[in-house]
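Please read each point with the sequence and the model in view.

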Amino acid sequence: MGIRVAVAGASGYAGGELLRIIGAHPDLELGPLAAATSAGAPVTAAHPHLAHLDEHTFEPLDPARLSSADLLFLALPHEESAAVSAALPAGVPVVDLSASFRLADPQAWSVYYRTPHAGQWCYGLPELPGARERIAAARRVAAPGCYATAAILALAPLVAAGLADPGDIVIVAASGTSGAGRSPSAALLATEVIGAMSAYQAGGTHRHTPEIEQALRLAGSGEPVVSFTPMLAPMPRGILATCTARLRDPGTATAALREALAAAYDGAPFVRVLPEGRWPSTAATNGSNMAHLQAAADAHAGRAVVVAALDNLGKGAAGQAVQAANLMLGLPETTALSLQGVAP
């Protein structure tokens, strides 16, 4: 018998990716798969690519039933996630993929989410200093947001090393359409998306902004100020984030930036600093739990430039959640998680 895990929100894109990864995990077995609006439907009705689950059906969202598992993944909207969490016994290990428990500051939460602040759990980005030990000891873990993961991995080492000024950060990041979830939307119709790039929630309104600032605040000295513009790209999955920050010393060379990134992620299995001159591509990370990074010092503007690519459903969501679960369960961090993308 393996470790029995449940998934709430199993009919969504992140939920489906969780099921795909868990299906290849040698130590985990599927327990209840909850999807309130799809209860009673076969799993393959929502996820035909998971043919091995053709005998499984979605269940109603019942916290008592979910708590029978050894570990629970919550892949729900933040309002539902907070409500379900409140109904669970304290001893049930949970990895939450929503934003519900990421932020420490109730004021920042209220500004960006406008619902009651549910509290903060252990932040589940293993590559941050000391995070693996904290995650391994935690019973409740908040998996980071997809955009936030890309930006934090790109910038935290430079802020921590004193190379970049956290008070002057600009991020422009494009995501595939799966980042918007599976709910029907006219803006996500193929006729609206194909052949188009569009910005949304510009002007500092995107909810990952305070999450990025929180992580960078902990990484170094100075109060972070982030200007973040997300964009919708005509692709189903992937994130490409261009992250820039003013250099504390305008004479800083590219080599110093690359050395800071390489030192921070030495031994980190899922972060790769690419060879100099090779820039990240979303296609190279799709289907994997990898983040690819590249850096350059812009001497003309006096800014550090770091580009990050990852799969928003992998390292940006389900893969990262399984990575945290592996640590919580005392399993090798890399179990069932791919280091290799899928191409073409």
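**Note on pockets and aromatic pairs**

1. The largest pocket has a lining of 50 residues, and those nearest its centre are Leu76, Pro77, Gly179, Ala180 and Gly181. A pocket is an open set of points on a 1 Å grid over the protein atoms alone, where a 1.4 Å probe fits, with protein on both sides within 12 Å along at least five of seven lines; lining residues have an atom within 4 Å of a point. The space in the largest pocket is about 1,500 Å³, a volume being the space filled by probe spheres set on the points.

2. The model is a predicted one, in which local features need pLDDT of at least 70 and side-chain atom pairs count only at pLDDT 80 or more, while totals for chains, interfaces and linings use all residues. Residues are numbered from 1 along each chain as its sequence is written, and side-chain values use heavy atoms, with hydrogens and water left out.

3. At least two residues of the lining of the largest pocket come from each of helix H1 (13–23), helix H4 (78–86), helix H7 (146–160) and helix H12 (314–328). Helices (H or I, at least four residues) and strands (E, at least two) are DSSP runs, numbered from the N terminus. The lining of the largest pocket comprises 23 nonpolar, 22 polar and five charged residues. Here Ala, Val, Leu, Ile, Met, Phe, Trp, Tyr, Cys and Pro count as nonpolar, Asp, Glu, Lys and Arg as charged, and the others, Gly among them, as polar.

4. The second largest pocket has a volume of about 410 Å³. Its lining has 20 residues, with Leu128, Pro129, Arg134, Ala215 and Leu218 nearest the centre. Two or more lining residues come from each of strand S5 (122–123), helix H6 (131–137), H7 and helix H9 (209–219); H9 gives the most, with five. By class, this lining has 15 nonpolar, two polar and three charged residues.

5. How many aromatic pairs does the structure hold? There are three. Rings of Phe, Tyr and Trp (its six-membered ring) pair if their centres lie within 6.5 Å; planes under 30 degrees apart count as stacked, over 60 as edge-to-face and the rest as tilted. Trp109 and Tyr113 are stacked, at 3.9 Å centre to centre and 10 degrees between the planes. They are about one helical turn apart because they lie four residues apart in helix H5 (residues 106–113).

6. The rings of Tyr147 and Phe228 form an edge-to-face pair, because their planes are at 70 degrees, with centres 5.1 Å apart. Tyr147 belongs to helix H7 and Phe228 to strand S9 (residues 226–232), so the pair ties together parts 81 residues apart in sequence. Tyr147 and Phe228 are both buried (under 20% relative accessible area, 1.4 Å probe, protein chains only; exposed is over 50%, partly exposed in between).
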